[in-house]
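Me: I have a chain to study and I am new to this. Can we go through it in questions and answers?

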Amino acid sequence: MLEGLGMTLPIIQAPMAGVSTPALAAAVSNAGGLGSIGIGASDVAGARAMVDETFTQTDRPFNVNVFVHGPAVQDPEREAAWLAALRPSFAEFGAAPPFDLRVIYKSFSDDPEMLSLLVEKRPAVVSFHFGLPPAETIAALKDTGIRLFATATSLAEAEAVEAAGLDAVIAQGIEAGGHRGVFDPLAADDGLGTFALTRLLARKTGIPVIAAGGIMDGAGIAAACDLGAIAAQLGTAFIACPESAADDAYRAALKWQGAFHTRLTTAISGRPARALANRFTELAETSLRGTTPPDYPIAYDAGKALHAAAKARGEAGYGAQWAGQGAPLARAMPAAELMATLAREMRF
Ligand code: FMN
């Protein structure tokens with residue numbers, strides 16, 4: 001399958017909504033990997049601009065990633081309690097929490113215009129995070145020749161991905177940075193690590209497996225391939241590349257102590273996600289402890305407002321600084337150089 005995608009290296013740069021860029025994806029694809037853009041948090045116009053820009057920067061295949069979460073249910077009481085718990089943190093920066101919270105972006109399951117865009121643009125790959133869209137949507141994408149991948153965090157999710165007729169499954173371990181791709185955030189989560197999950201899916205499913213979570217260098221990629229993965233998907237390893245959209249504070253935080261203490265929390269967005277330890281994750285363990293966040297992505301509206309209020313007063317520690325457990329191993333270098341380094345390391 002890698003050859004069919006023009007890949008000469010088993011390396012996929014993870015889609016990272018808000019962090020990956022057309023320049024990053026193009027650099028990775030141009031270097032023989034598969035670059036990805038994340039449009040999960042974009043509207044159709046924003047997504048169109050990103051897809052078009054990527055096509056202008058590379059003529060090689062790339063991946064476009066969407067979020068397929070269940071519908072967010074507004075719950076005024078829960079949201080009011082959450083905002084009340086956040087009020088002292090806003091007050092610290094001379095601000096007040098928003099009056100109410102919004103569903104800040106749509107699920108791909110419920111976005112026919114985004115589907116039309118992808119059918120029109122035909123990127124080589126489309127990948128799904130948080131679940132699978134309806135069968136008609138999958139069929140419409142497949143009819144155009146687009147290859148489809150989806151994240152799974154368990155064998156049951158991977159079996160659903162295989163049964164839906166997708167081309168590959170991304171085995172996302174608990175070490176991974178960013179949101180866990182769990183289909184149902186309220187269901188029990190076994191928190192399988194990348195090593196166990198990759199091997200489990202390689203042995204128990206009949207579709208190609210891509211390993212993701214905590215893989216930072218050539219040794220990690222080689223190990224994933226030894227476990228039966230056809231490729232490794234790396235996110236955190238690419239955050240420090242100059243082509244990413246990470247701001248200066250995020251890049252600096254990646255080099256500080258928080259990188260050694262990543263935290264899995266639902267407090268920032270409403271869904272479990274792994275971030276560098278910072279003031280927000282500290283809040284999750286103190287004043288927000290015991291308060292249930294609103295549904296994803298409603299809670300994220302509050303999280304982004306708090307980050308904006310704090311940043312306006314010079315405090316960057318409330319950003320959603322997603323990162324995996326391998327964060328201290330991140331290297332700040334141009335993506336093409338990082339790809340060459342990873343290729344060199346894999347050969348040892
Ligand atoms: N996965 C997605 O499918 N879509 C996303 O938009 C997305 N955003 C992410 C943003 C950041 C900053 C990070 C670090 C990860 C994100 N992920 C997203 C998860 C990655 O696909 C992947 O599972 C993860 O990066 C692998 O772990 P690693 O970060 O340790 O390499």
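Reply: Start with helix H13, where Ala335, Leu338, Met339 and Leu342 are buried. They cover an arc of only 100 degrees around the axis, which puts them on the same side of H13. Keep in mind that this is a predicted model.

Me: How far apart are the end C-alpha atoms of H13?
Reply: Helix H13 has twelve residues, 335-346. At 1.5 Å a residue, they should span 16 Å. The model agrees, because the end C-alpha atoms of H13 are 16 Å apart.

Me: Which residues of H2 are buried, and what arc do they cover?
Reply: An α-helix has 3.6 residues a turn, so residues three or four places apart point the same way. In H2, the buried residues are Ala47, Val51, Thr54 and Gln57. They sit on the same side of H2, because their arc around the axis is only 130 degrees.

Me: Which exposed residues does H2 carry on the face turned away from its buried side?
Reply: The buried side of H2 packs against helix H1 (22-30), strand E2 (35-38), strand E3 (62-67) and helix H4 (112-121). Now turn to the face pointing away from that side. Its exposed residues are Ala45, Asp52 and Thr56.

Me: What radius of gyration does the chain have?
Reply: The chain holds 13 helices and eleven strands. For 348 residues, the globule rule gives 20 Å. The chain comes close to that, so it is as compact as a globular protein of that length: its radius of gyration is 19 Å.

Me: What percentage of the residues in the chain is buried?
Reply: Take the box first: the C-alpha atoms fill roughly 55 × 45 × 40 Å along the principal axes. To count as buried, a residue needs 20 or more other C-beta atoms within 10 Å of its own. Of the 348 residues, the buried share is 52%.

Me: How far apart are the centres of domain 1 and domain 2?
Reply: Domain 1 covers 3-71 + 107-245 + 329-346, and domain 2 covers 72-104 + 263-322. Their contact takes nine residues from domain 1 and eight residues from domain 2. On the domain 1 side, four are nonpolar, four polar and one charged. Over C-alpha atoms, the centres are separated by 27 Å.

Me: Which residue is joined to tyrosine 296 by a cis peptide bond?
Reply: Omega of this bond is about -5 degrees.

Me: Is arginine 122 buried, exposed or partly exposed?
Reply: Arginine 122 is in the loop between H4 and strand E4 (125-129). Its phi is near 50 degrees, a positive value in a residue other than glycine. With 14 C-beta neighbours inside 10 Å, arginine 122 counts as partly exposed.

Me: Is phenylalanine 130 buried or exposed?
Reply: Phenylalanine 130 lies in the loop between E4 and helix H5 (135-143). It is not a glycine, yet its phi is positive, about 85 degrees. Within 10 Å there are 24 other C-beta atoms, so phenylalanine 130 is buried.

Terms used: Residues numbered from 1 in each chain as written. Predicted model: local features only at pLDDT ≥ 70, side-chain atom pairs only at ≥ 80, totals over all residues. Domains from an automatic or database assignment. Contact = placed C-beta atoms within 7 Å. Nonpolar A, V, L, I, M, F, W, Y, C, P; charged D, E, K, R; others polar. Helix = DSSP H or I, 4+ residues; strand = E, 2+ residues; numbered from the N terminus. Rg over C-alpha atoms; globule rule 2.2 N^0.38 Å. Buried ≥ 20, exposed ≤ 12 C-beta atoms within 10 Å, placed from the backbone. Arc of directions from axis to C-beta. Expected span 1.5 Å × (residues − 1).
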